[in-house]
Amino acid sequence: MKGNPRLKRLLDYVIMNQRDARPRWYVRMLAPLYQHRSRGSKIYGSVRMDTPPYRRFSLGRRSVVESYACINNAVGDVIIGDHTRIGLHCTIIGPVSIGNHVNLAQGITVTALNHNFADGELRIDQQGVSTQPVSIGDDVWIGTNAVILPGVTIGKHVVIAAGAVVTKDIPDNSLAMGVPATVRKSI
């Protein structure tokens, strides 16, 4: 496909609704066939699963994605570990890897996507997007309305305070808070 951009555009058109930026209804009907959901995991019915089949989505054992969340792997894989809870109204845009025993409170945004805007002669929507993977380690708690931006790695056993905006890596065993988030103490 990499050698044939016309075929790639055609397949993208067949799979993705270009206006709504989500898989077409007939693709979403087939989601249980290509999404990996482990034993005991649950995705509530109101969750918006924008997961086309050409990227990986995996939900670990006994993990939960709560109501009104949005999961989008159109530009990169979304991997969620075991015993992890994605809270109400969270948004996750891949490529994102979330570890085991992670708790995301309500209204959190985890995004690996940025819109390009460097060329002042072109509209922003004509400049494409860029991605930088986000990685969240095991045993992490992220507070309500926090924002995790592209390229960030959050270590193991970390607490991110409510409302924090994480723009840089957070090391293991840390409490981070603020805008932008900074490490306030070791835990």
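Reader: Why is C90 called buried?

Author: The model is a predicted one. In it, C90 has a relative accessible area of 1%. Buried requires a value under 20%, and therefore C90 is classed as buried.

Reader: What makes C70 buried or exposed?

Author: The relative accessible area of C70 is 18%. The cut-off for buried is under 20%, so C70 also counts as buried.

Reader: Which residues touch the most other members of the largest nonpolar core?

Author: They are I92, L104, V110, I136, I142, I154 and I160, out of 36 residues in that core. Strands β6 (57-59), β9 (78-80), β12 (96-98) and β17 (134-136) each contribute at least two residues to this core.

Reader: What does L104 touch, beyond residues up to four places away in sequence?

Author: L104 touches R85, I86, G87, C90, I92, V110 and I142. A contact requires heavy atoms within 4.5 Å, so each of these residues has a heavy atom within that distance of L104.

Reader: What makes V159 and I187 a contact, given that they are 28 residues apart along the chain?

Author: Their C-alpha atoms are separated by 8.6 Å, but the criterion is heavy atoms within 4.5 Å. I187 is in contact with V159, so some pair of their heavy atoms meets that cut-off. V159, which is found in strand β21 (residues 159-160), is also in contact with W141, S174, L175 and A176.

Reader: Which elements supply the lining of the largest pocket, and what is the volume of that pocket?

Author: The volume is about 880 Å³. Among the 24 lining residues, D12, M16, Y54, A74 and V75 are the closest to the centre of the pocket. At least two lining residues come from each of α1 (5-15), β1 (16-17) and β15 (113-115), and α1 gives the most, with 6 residues. By class, the lining holds 13 nonpolar, 5 polar and 6 charged residues.

Technical notes:
Residues are numbered from 1 along each chain as its sequence is written. This is a predicted model: local features need pLDDT of at least 70, side-chain atom pairs count only at pLDDT 80 or more; totals for chains, interfaces and linings use all residues. Side-chain values use heavy atoms; hydrogens and water are left out. On a 1 Å grid over the protein atoms alone, a cavity is a set of points where a 1.4 Å probe fits but cannot get out, and a pocket is an open set with protein on both sides within 12 Å along at least five of seven lines; lining residues have an atom within 4 Å of a point. Grid points are joined across faces, edges and corners, and a volume is the space filled by probe spheres set on the points. Helices (H or I, at least four residues) and strands (E, at least two) are DSSP runs, numbered from the N terminus. Ala, Val, Leu, Ile, Met, Phe, Trp, Tyr, Cys and Pro count as nonpolar, Asp, Glu, Lys and Arg as charged, and the others, Gly among them, as polar. Buried means under 20% relative accessible area, exposed over 50%, partly exposed in between (1.4 Å probe, protein chains only). A nonpolar core is a set of buried Ala, Val, Leu, Ile, Met, Phe, Trp, Tyr and Cys residues joined through side-chain atoms within 4.5 Å.
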